[in-house]
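Please work through the exercises below with the sequence and the model side by side, and try each task before reading its solution.

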Amino acid sequence: MLAAFAKAVGKPPEELRLPAVGFNNSKTPQEIVEKFRSVWPESAVYNLPHGNFMALSHEDESPIHPRSVVVLDDIFCIFVGALENIADLRHHYGLPRQATEAMIVIEAYKVLRDRAPYPPDQVVRHLDGKFAFIIFDARTCTLFIARDRDGSVEFQWGIARDGSLICSDDPTIIKEGCGQACGNFPPGCIFINGSGLTSFDHPLHKVRGVVHEDDSGNILSVYFQVDLYTKIPSIPRTGSAANWADAAAAEVKGE
């Protein structure tokens, strides 16, 4: 799978770009998707508003980490993996037995956006299984990305030549498309455009980018980890959870 979001929408963390300083070997999002289609010729590409896109192929798919894509009410979701508590989640959200993992996380997102009085980490924390997913709400321009706490599913992200955020479960596509400006999406984390990275097990602690340098001080890579010694002073947790979706949309429009 592959997803690309323009810089104004994706708002990738600046630390992700550090290893690429001084290099110019990344590609444009259009070049990256063409490469993806050449590698996976049976793939389907979904053109989203504001020049964003998602792409999915079932070729070489793992039976324990299947890929799926669902579009409901202008919400696009790519889901890779499987949920172990899918029956309980269907019951919790009032969904039929035919509801897939992607349908469930879309419903969880909609409840969170429209009605829930609790923060995003509470929703993802209750997903048991091996997974990574990307949600894009075309109405609010909200991007919501998550990966299970064990990092069981291959999932990487990077920055394209024009600053777009690129996500994929194919490390070769990410490396060739983003050059040095890429890395593993941190396990156990949520990324929301406008508010950044959050650990859903440790939501009150910051997630920081940590650089890996060679003996000469050159930055080789960046990885993200929870800083258990630094707490976030405050997190908005009152009123409707639509607040953060509205904030993300407002930031995108303000770019």
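Predicted model: local features only at pLDDT ≥ 70, side-chain atom pairs only at ≥ 80, totals over all residues.

Residues are numbered from 1 along each chain as its sequence is written, and side-chain values use heavy atoms, with hydrogens and water left out.

**Exercise 1.** Find which residues line the largest cavity, and classify them.

Solution. A cavity is a set of points on a 1 Å grid over the protein atoms alone where a 1.4 Å probe fits but cannot get out, and lining residues have an atom within 4 Å of a point. The largest cavity, with a volume of about 60 Å³, is lined by Val105, Ala108, Tyr109, Leu112, Val123, Val124, Leu127, Phe133, Ile135 and Phe144. Next, sort this lining by class (Ala, Val, Leu, Ile, Met, Phe, Trp, Tyr, Cys and Pro count as nonpolar, Asp, Glu, Lys and Arg as charged, and the others, Gly among them, as polar): the result is 10 nonpolar, no polar and no charged residues.

**Exercise 2.** Is leucine 18 buried, partly exposed or exposed?

Solution. Buried means under 20% relative accessible area, exposed over 50%, and partly exposed in between, with a 1.4 Å probe and protein chains only. Leucine 18 counts as partly exposed because its relative accessibility is 33%. Finally, look at its neighbours in the model: Leu18, Val21 and Val211 make a nonpolar surface patch of about 230 Å², where a patch joins nonpolar side chains (Val, Leu, Ile, Met, Phe, Trp, Tyr) within 5 Å, from residues with over 30% relative accessible area and no salt bridge (a side-chain nitrogen of Lys or Arg within 4 Å of a carboxyl oxygen of Asp or Glu).

Notes:
Patch = residues over 30% accessible without salt bridge, like charges linked within 9 Å, V, L, I, M, F, W, Y side chains within 5 Å. Areas by Shrake-Rupley, 256 points an atom, 1.4 Å probe, with all protein chains shown as cover. 1 Å grid on protein atoms, 1.4 Å probe; cavity = no way out; pocket = protein on both sides within 12 Å on 5 of 7 lines; lining within 4 Å. Points joined across faces, edges and corners; volume = space filled by probe spheres on them.
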